[in-house]
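Biologist: I have a structure open and want to learn how to read it. Can we start with pockets and then turn to helix packing?

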Amino acid sequence: MRRTLQLKDQTEHLYMRTIIISSIFFFFVFSSFQVKIKPGIKASIERGQKVFAATCLACHQADGLGVQRMNPPLVKTKWVLGDKKALAKIVLNGLKGGEIIIDGDDFHNPMPPQSGQLTDQQIADALTYVRNSFGNKASAVTVADVKAARGTVAVPVAQKPATKAPVKKAPVKH
């Protein structure tokens, strides 16, 4: 009987050792497959954090949660994680207030357009930062994405080039 108990203890010990070794093995194998932030994206996020701090933080707050019923949150919303071109258009054109509804709450503060204030690179960096901060994980916004959005931005009337009125020539007398 004693021999049987010793054998059972040895089997359990071997079984536990196998589980522990397997767990350690799988931990190291699968931890090597973690998504690493590419160096270019990392630099964009760092630059974007500075743009965010200087331009966006006052309204959207340091935690990205915004201000209830005034300024929308940037945390895991379709607006932030969805279409990059649509997001860039919001930054370029601004908002009048009331266009954004998240979880049944609408947000009323207007957002000033940034098309004349920030470069395409600054907008791309800020949006990449937002899309990869506050618990968000999304692809980077590129300068090309912003340029594409800017290309569809309506030019305000004051900035449209003046058209020349046709010049009427005086009738020629014979």
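Biologist: Which helix gives the largest share of the lining of the largest pocket?
Modeller: A pocket is an open set of points on a 1 Å grid over the protein atoms alone, where a 1.4 Å probe fits, with protein on both sides within 12 Å along at least five of seven lines; lining residues have an atom within 4 Å of a point. Here H6 gives the largest share, five residues. Helices are DSSP runs (H or I, at least four residues), as are strands (E, at least two), numbered from the N terminus.
Modeller: Two cautions on the source. This is a predicted model, where local features need pLDDT of at least 70 and side-chain atom pairs count only at 80 or more, while totals for chains, interfaces and linings use all residues. Residues are numbered from 1 along each chain as its sequence is written, and side-chain values use heavy atoms, with hydrogens and water left out.

Biologist: What is the volume of the largest pocket?
Modeller: A volume is the space filled by probe spheres set on the points, which are joined across faces, edges and corners. For the largest pocket that is about 490 Å³. It has 34 lining residues, and His60, Leu74, Ile90, Val91 and Met111 are the closest to its centre. Elements that give two or more residues include helix H2 (39-55), helix H5 (84-93), strand S1 (100-102) and helix H6 (120-131).

Biologist: How do the lining residues divide by class?
Modeller: Ala, Val, Leu, Ile, Met, Phe, Trp, Tyr, Cys and Pro count as nonpolar, Asp, Glu, Lys and Arg as charged, and the others, Gly among them, as polar. The lining has 24 nonpolar, nine polar and one charged.

Biologist: At what angle do H2 and H6 pack?
Modeller: Axes are lines fitted to C-alpha atoms, for helices over the stretch in contact, and angles run from 0 to 180 degrees between N-to-C directions. H2 and H6 pack at about 100°, their axes 7 Å apart. So H2 is roughly perpendicular to H6 (65 to 115 degrees; under 35 is roughly parallel, over 145 roughly antiparallel, the rest oblique). Their contact has eight nonpolar, six polar and two charged residues.

Biologist: Which residues of H6 and H7 meet?
Modeller: Contact means heavy atoms within 4.5 Å. Asp120, Gln121, Ile123 and Ala124 in H6 meet Val143, Val146, Lys147 and Arg150 in H7. By class, that contact has four nonpolar, one polar and three charged residues.
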